[in-house]
Amino acid sequence: MAYIFVHGLGQNAFSWQKTIEYIDMDTQQVVSPDLFSLLEGSKVDYHNLYHHFFDYCESFNGPVQLCGLSLGAILSLNYAIDRPEKVNSLILVAAQYTMPRFLLSVQNGIFQILPNSMFQKMGLPKKDVIQLTSSMKKLDFSRQLSDISCPTLILCGEKDKPNRKAAEQLSSLINGAKLEIIKQAGHEANVDNPEGLAEIIKIFWNQTASSPF
């Protein structure tokens, strides 16, 4: 069984490295894809990114365990809705299930005035980042959350105020979902407190039927 850690916008595959090390898993079971490398020259928008992420998850034999943060959480949520029989468990960190259009517009306005050099660590040029976030404005999974049947853990950093409400709502809308707040962490919990995040993930996976520990 594959354990897939999916990074957020502004991150890369290595953003999960310390968390994975603290979990101390069999590395043969763990993958952390670089999302934007999956695009392979395709137009940068949510539809194309999800299409390639979907194919990536499908490439694994048997079920998968998904753990995504922010953009990675949205992609993971989308896949769990489309392929409930494929996802054994789901962890969503700093997730949104219906996009806050006003905040995305404000964010894109800020992006417009930032220098291109600020976007280098994202692995995308500025115009592609803006194109991607703009393409996400109409995403709304609220009517499909009941389709998720796997064990689900909703996480949010204690300092991540913009995503706290969505986390609480997700935990009540997904059947059987659990909510936990990550101490000493903001939006990028896998960077802010990888050890604390790892401990929460490890406990959750130990409670699921298929555990790597």
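Is Asn 48 buried or exposed, going by its relative accessible area? In this predicted model, Asn 48 has a relative accessible area of 19%, so it is buried. The cut-off for buried is under 20%, and that is the reason the label applies to Asn 48 at 19%.

## Asn 48 and its surroundings

Asn 48 belongs to helix 2, which covers residues 46-58. Setting aside neighbours within four places in sequence, Asn 48 makes contact with Leu 39, Ser 42 and Lys 43.

## The overall fold

Now for the wider view. The protein has eight helices and six strands. Read from the N terminus, its elements follow the order β-α-β-α-β-α-β-α-α-β-α-β-α-α. The radius of gyration is 16 Å, close to the 17 Å that the globule rule gives for 213 residues, so the protein is as compact as a globular protein of that length. The C-alpha trace spans about 45 × 35 × 35 Å along the principal axes.

Buried residues account for 52% of the 213 residues in the protein. If you look at contacts between residues at least 6 apart in sequence, 71% of them join residues at least 24 apart.

## Surface and charge

The accessible surface of the protein amounts to about 10200 Å², and 49% of it belongs to carbon and sulfur atoms.

## Aromatic pairs

Back to the side chains, this time the rings. A pair of aromatic rings is described by the distance of the centres and the angle of the planes. The count of aromatic pairs comes to eight. One of them joins Tyr 46 and Tyr 50, whose ring centres are 6.2 Å apart with the planes at 5°, so this pair is stacked. The angle settles the label, because planes under 30 degrees apart count as stacked.

Tyr 46 and Tyr 50 both sit in helix 2, four residues apart, so about one helical turn separates them. Each of the two is buried: Tyr 46 has a relative accessibility of 4%, and Tyr 50 has 11%. Tyr 56 and Phe 60 give an aromatic pair of the edge-to-face kind, with 5.2 Å from centre to centre and 80° between the planes. Ring pairs also link Tyr 46, Tyr 50, Phe 53, Phe 54 and Tyr 79 into a cluster.

## Two residues with positive phi

Which backbone angle of Ala 94 is positive although the residue is not a glycine? It is phi, at about 55°. Ala 94 is found in the loop between strand 4 (87-93) and helix 4 (101-113). With a relative accessible area of 4%, Ala 94 is buried.

Gln 184 also has a positive phi, near 55°, in a residue other than glycine. The loop that holds Gln 184 runs between strand 6 (178-182) and helix 7 (189-192). Here the relative accessible area is 58%, so Gln 184 is exposed.

Key
Residues are numbered from 1 along each chain as its sequence is written. This is a predicted model: local features need pLDDT of at least 70, side-chain atom pairs count only at pLDDT 80 or more; totals for chains, interfaces and linings use all residues. Side-chain values use heavy atoms; hydrogens and water are left out. Buried means under 20% relative accessible area, exposed over 50%, partly exposed in between (1.4 Å probe, protein chains only). Contact means heavy atoms within 4.5 Å. Rings of Phe, Tyr and Trp (its six-membered ring) pair if their centres lie within 6.5 Å; planes under 30 degrees apart count as stacked, over 60 as edge-to-face and the rest as tilted. The radius of gyration is taken over C-alpha atoms; the globule rule is 2.2 Å times the number of residues to the power 0.38. Accessible areas come from the Shrake-Rupley method with a 1.4 Å probe; for residues, only the protein chains shown count as cover.
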